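My entries follow in the sequence in which I looked.

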Amino acid sequence: MAEDNNDQMVGLGKAHIPTVIADELHIVYRVNGAKTGKGSATSALSRIIRRGEERGVRKVHAVRGVSFTAYRGEAIGLIGSNGSGKSTLLRAIAGLLPAEKGKVFTDGQPSLLGVNAALMNDLTGERNVILGGLAMGMSREQIRERYQGIVDFSGINEKGDFITLPMRTYSSGMAARLRFSIAAAKDHDVLMIDEALATGDRKFQKRSEARIRELRKEAGTVFLVSHNNKSIRDTCDRVLWLERGELRMDGPTDEVIKEYEKFTGK
Amino acid sequence: MTAPPSPDDGLSPAELAAKYGLSVSGARPGLFEYVHQLWGRRHFILAFSQAKLTAQYSQAKLGQLWQVATPLLNALVYFLIFGLILKADRGMEREVYIPFLVTGVFVFTFTQSSVMAGVRAISGNLGLVRALHFPRASLPISFSLQQLQQLLFSMIVLFVVAVGFGSYPRLSWLLILPVLALQFLFNTGLALIMARLGSKTPDLAQLMPFVMRTWMYASGVMFSIPVMLKEHPAWIGDILQWNPAAIYMDLMRFALIDGYGSENLPPHVWLVAAGWALLVAAGGFVYFWKAEERYGRG
């Protein structure tokens, strides 16, 4: 029944072409040195010496058997309480986290919106724009073309020439704005956004929401992780609700959000 | 449950994926495809290494001057201890020994820091690996490229020391280029191997300094291996001299220092140098690529 509604939202004329298929996906993190019990050096040593699989390693089963199919033109919201596996699921779809069991099939290369990890605080904003662009796989020419656009969009230079200062001198809001601007400069086939809407001041939030709508038009499929039910309602037409790594509900935005709000007691 | 009301009904996910030409996300590409992808990221690799290099000293007051000052101070410390206090310059003139020592320290540091950076290339950059898509070999390669650039700064100091002790620029200085190229290949291969090992066992970062120090003292950084081991069986000296670190150091000294002639080099030295470089670089690359799809796992 959910799918019928979906069809109407996507537009009946459009072909139903899958872009992302998750098939019984399981993701397990392995954490070193977090084994419960005695933490003494001797017990660590005995764990190393003792034979058997996974010595001294604790497993965290973050995603448990999630299956769904996403189609071209859909904007899918991912909701669930903290630690329910939303970000992990996104990373697995992007092929950044290897699956323990099951598979993810994708059309083209899905990309996660975010370059935070590639940027360096000790470098100037200018060099970070170039570095971030290259890290996302843009060519030098593409970056040169879009450089001014990125800087203008971030609004970093509105209060003086800050782009030539090291990023560690930026306020946290300024840094977040520059990061979002760099990340949003690239076009994506399958785009995944992890709570990116919450950065910066009110003015910048509006600007980034507009940019995300633009990206949505260009991208085939969009995934959005957010705790803000309003921004999910504004941007998504289908919602996946994850709880404890399991897919609890999958359907049109209104239905799922209503259930979710009941669940969280709002 | 999520199958659409269409002719696709009843297809399994795998069949559906095959029908629309979807590929498995995060699968390991073939070796040639991998090399191709890596070549496509060459600008990123270079920019990342330069960024790391600049970021290193950006908070210091003297700034990038430390690129040259650090190796210079390093050479001074070794000279103080091994040249003046321990007098390890047995069988060598002072004009030869000091450039000999400084060359040894710099060339070995190049390999040492490439290995250390390699160990942490994946395990220390998990955030990057889990956020963006690129061939993971970019990271260890980028780190050894950073060390190469660091060595080029050290070479400035080295040239000054060589000239200061009477070795003037001559044709044999051109040999520095092939030596550097071969050592860079060797280091990159080693960094790739260490990166894969380090991603599985981060503890290596604690262990490697001791391994590297042993290797350094065994490679004749501050003494001449044949002279020091005169009273021991010849094969010990041979093994030490054929180890890659000693080979690259000796070749660099031969190229740079006037009084360090070919009689100090083991036979077939260029062949050995090239052999080590190609073997470790190719082997390391394939070894690293084999685990490509597993690097994000923590």
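Entry 1: I began at A:Phe105, which stands opposite B:Val24 in β1(B). The two residues belong to a pairing in which strand β4 (residues 101-106) of chain A and β1(B) run in the antiparallel sense over two bridges; strands here are DSSP runs of E with at least two residues, helices are runs of H or I with at least four, both numbered from the N terminus, and two strands pair if DSSP finds at least two bridges between them. I noted that this is a predicted model, in which local features need pLDDT of at least 70 and side-chain atom pairs count only at pLDDT 80 or more, while totals for chains, interfaces and linings use all residues. Residues are numbered from 1 along each chain as its sequence is written, and chains are lettered from A and ligands numbered from 1 in the order in which they are written.

**Entry 2: the sheet that holds this pair.** I traced an open sheet of four strands in the order β2(A)-β1(A)-β4(A)-β1(B), with antiparallel pairing. Its edge strands are β2 (57-71) of chain A and β1 of chain B, each of which pairs on one side only. Further in, strand β1 (residues 18-32) of chain A is joined to β4(A) by five bridges, again antiparallel, and there A:Ala22 has A:Val104 as its bridge partner.

**Entry 3: the side of chain B that touches chain A.** I then looked up the whole contact and found 35 residues of chain B in contact with 45 residues of chain A, contact being C-beta atoms, placed from the backbone, that lie within 7 Å. On the chain B side, the elements giving two or more residues are α1 (13-19), β1 (23-24), α3 (42-56) and α6 (126-131). Of these, α3(B) gives the most, with seven residues. By class, this side of chain B has 18 nonpolar, 13 polar and four charged residues, where Ala, Val, Leu, Ile, Met, Phe, Trp, Tyr, Cys and Pro count as nonpolar, Asp, Glu, Lys and Arg as charged, and the others, Gly among them, as polar.

**Entry 4: strand β3 of chain A.** I followed β3(A) to both of its partners: it pairs with strand β7 (residues 221-225) in the parallel sense over four bridges, and four bridges join it to strand β8 (residues 238-243), also parallel. A:Ala75 has A:Val222 of β7(A) as its bridge partner, whereas A:Ile76 stands opposite A:Arg238 in β8(A). All five residues of β3(A) (75-79) are buried, that is, 20 or more other C-beta atoms lie within 10 Å of their own, with C-beta atoms placed from the backbone (12 or fewer would be exposed, and in between partly exposed). Both faces are covered, with A:Ala75, A:Gly77 and A:Ile79 on one side and A:Ile76 and A:Leu78 on the other.

**Entry 5: A:Leu224.** Is this residue of chain A buried or exposed? A:Leu224 lies in strand β7 of chain A and counts as buried because it has 28 C-beta neighbours inside 10 Å. Not counting residues up to four places away in sequence, A:Leu224 touches several residues, including A:Ala75, A:Gly77 and A:Leu78.

**Entry 6: helix α3 of chain A.** I found seven of the eight residues of α3(A) (86-93) buried, so the helix is largely enclosed by the rest of the structure. A:Lys86 and A:Arg91 are among the buried residues. Just after this helix, A:Gly95 takes a positive phi of about 75 degrees.

Note on methods: Two residues are in contact if their C-beta atoms, placed from the backbone, lie within 7 Å.
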